[in-house]
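Please look through the chain shown here. The paragraphs below take it up residue by residue and helix by helix.

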Amino acid sequence: MPVYMNRRDIPILEITLSFDSNSSEPLYLQLYSFFKKEIVEGRLIPETKLPSKRKLSTHLQISQTTVESAYQQLIAEGYVKSEPRKGLFVTQLEMGFFNEKERTSPHDKLQKNPIVNPIKVDFGHGNIARNEFPFPTWRKLTVQSLYEDESHLLLSGHRQGDLPLRVEIAKYLYQSRGVQCEPDQILIGAGTQYMVTFLTMLIGRDRVYSMENPGFHRTREAFKDQGVKLLGIELDQEGIKMEDLVASKASVTYVTPSHQFPMGMVMPISRRMELLKWAHETESYIIEDDYDGEFRYTGKPIPSLQGLDKHGRVIYLGTFSKSLIPSLRISFMVLPPTLLSRYQDRFSIYKQTVSRLHQQTLYLFMKEGHWSRHLQKMRNTYRKKQTVLLALITERLGEHVTVIGVDSGLHILLKVHNHMTESELISHAEKMGVRVYPTSVYYDGDPHPNIPMVLLGYGGVSEREMQTGIHLLQTAWELF
């Protein structure tokens, strides 16, 4: 690659990075290593502007989250600097400081000394306990949905989703989460990101949107891809900070009150009432994402925001991805009357995005009582998994780590007190055959903590794998 002569821009076509799909090194680390090498070896000169996340992700055919993680690591280590509303620029380095050995990138070292350990344990937060899934029951109900007298399911169904399933969802939401709605207020769709995209059209792109910072990165990107103005609102120990939300002048905010993602706190009733008061007084909307509200392990369940809302300002989002299976791709939202009327007037042309066969199977699963039994079983399973994981962390990692977010959900965060960076924690773990996940991707900007955190999901990890994984992390992170 030639030296970049333009001090303010990199020709996007000259970035010819080839990712190593066989490497256990994450893509964002490979991208980070590429840019670091280009900077250290002088091919990217000071003040050169890096491509935007969107352009680079499109060019390299990777996610914007991967690009963002690589850029955040470059910023953290001082190779690039962020200038508000302008972009990222290469910083001035004392190049004489680097000798030839130091100029060798981590990616080059991995190529010379490839990681031989396969991934033994994957603490991915999107995984579930697949061995607990009721395969025989689901298979029977699926076959039942394909009988000839159900041939109407081969045709397009209601745009909001089939009514029998919406009836069952409405009953379940009232009984378990205190959500008060009629089946006609429910819209079924293929995933939360689709729902968020649809909501921006329904509410309007001219409004100022906000969300928790840190917050779920896929939702953040969905908002940004719709071109709305999106503000990150910092958290305190009770969730989104109300003074910052009020000062932002946003009129829509996205929150995860039952289990803040990724920090894990549960929003208390006092903060919920403050949030509802703000929405009522400013005629704003709250998007309540209850993505894993079924799994709470400490204290009694707290009512949903929607169930406390007396003025029609809350849009409730839910999903079956955590509680049943991710690949089902069945999510839903409950619209307040004003937005329901707008949907019926302006957006009823949009067809349903979820298979009617899956809808019918889920309807039968809920109607015949399998859903409630399965959910109770999974609560017990995940509560036990978390107990085992926390005991192993206490035994093996002890005072070297701080555990965050244990009241509910299917993941925890670990602050690791060993002076490693986030990328070092992840890469050292992968060298030992354990996959943990970054938290920096969930921040919009640079305010993440000085002490790095990694995310460990435990839904899809067996107790034996937990024992192996925590033992290997103790070795990888040198926590003795």
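Ser331 is in contact (heavy atoms within 4.5 Å) with Leu187, Ile188, Gly189, Gly191, Thr192, Met195, Gly318 and Thr319, leaving aside its neighbours within four places in sequence. This is a predicted model, in which local features need pLDDT of at least 70, side-chain atom pairs count only at pLDDT 80 or more, and totals for chains, interfaces and linings use all residues. Residues are numbered from 1 along each chain as its sequence is written, and side-chain values use heavy atoms, with hydrogens and water left out.

Ser331 belongs to strand S11, residues 331-334. Helices (H or I, at least four residues) and strands (E, at least two) are DSSP runs, numbered from the N terminus. Ser331 counts as buried because its relative accessibility is 2%; the classes are buried under 20% relative accessible area, exposed over 50%, and partly exposed in between, with a 1.4 Å probe and protein chains only. The side chains of Ser331 and Thr319 are joined by a polar contact of 3.3 Å. A polar contact is a pair of N or O atoms within 3.5 Å; within protein, one must be able to donate a hydrogen and the other to accept it, and residues adjacent in sequence count only if both atoms are side-chain atoms.

Gly189, one of the residues in contact with Ser331, is also in contact with Thr353. Thr353 sits in the loop between helix H12 (337-346) and helix H13 (356-367). Apart from neighbours within four places in sequence, its contacts are Gly189, Ala190 and Tyr194. With Ala190 there is a specific approach: the side chain of Thr353 reaches the backbone nitrogen of Ala190 at 3.0 Å. The relative accessible area of Thr353 is 37%, so this residue is partly exposed. Its C-alpha atom is separated by 9.1 Å from that of Ile330, 23 residues apart along the chain.

Helix H7 covers residues 192-203, and Gly204 lies in the loop between H7 and strand S5 (208-213). Is Gly204 buried or exposed? Gly204 is buried, because its relative accessible area is 13%. Beyond its neighbours within four places in sequence, Gly204 is in contact with Leu199 and Tyr209. The C-alpha atoms of Gly204 and Val228 are 24 residues apart along the chain and separated by 8.8 Å.

H7 also packs with helix H8 (residues 217-225): their axes come within 9 Å and cross at roughly 30°. Axes are lines fitted to C-alpha atoms, for helices over the stretch in contact, and angles run from 0 to 180 degrees between N-to-C directions. The crossing of H7 and H8 is right-handed; a crossing is left-handed if the near helix is turned anticlockwise from the far one by less than a right angle, and right-handed if clockwise. From H7, Gln193, Val196, Thr197 and Thr200 meet Arg218, Thr219, Ala222 and Phe223 of H8. The residues of this contact divide into three nonpolar, four polar and one charged. Here Ala, Val, Leu, Ile, Met, Phe, Trp, Tyr, Cys and Pro count as nonpolar, Asp, Glu, Lys and Arg as charged, and the others, Gly among them, as polar.

The crossing of H2 and H3 is right-handed. Lys53, Arg54, Leu56 and Ser57 in H2 meet Gln64, Val67, Glu68 and Tyr71 in H3. These contact residues divide into three nonpolar, two polar and three charged.

The backbone remains. Most residues other than glycine have a negative phi, and most peptide bonds are trans. A cis peptide bond joins Asn213 and Pro214, with omega about 10°, and Pro214 lies in the loop between S5 and H8. The bond from Phe261 to Pro262 is cis, with omega near 10°; Pro262 is in the loop between strand S8 (252-255) and helix H10 (269-282). Lys249, in the loop between helix H9 (242-248) and S8, has a positive phi near 65° and is exposed, with a relative accessible area of 68%. Glu283, in the loop between H10 and strand S9 (285-289), has a positive phi near 55° and is exposed at 56% relative accessible area.
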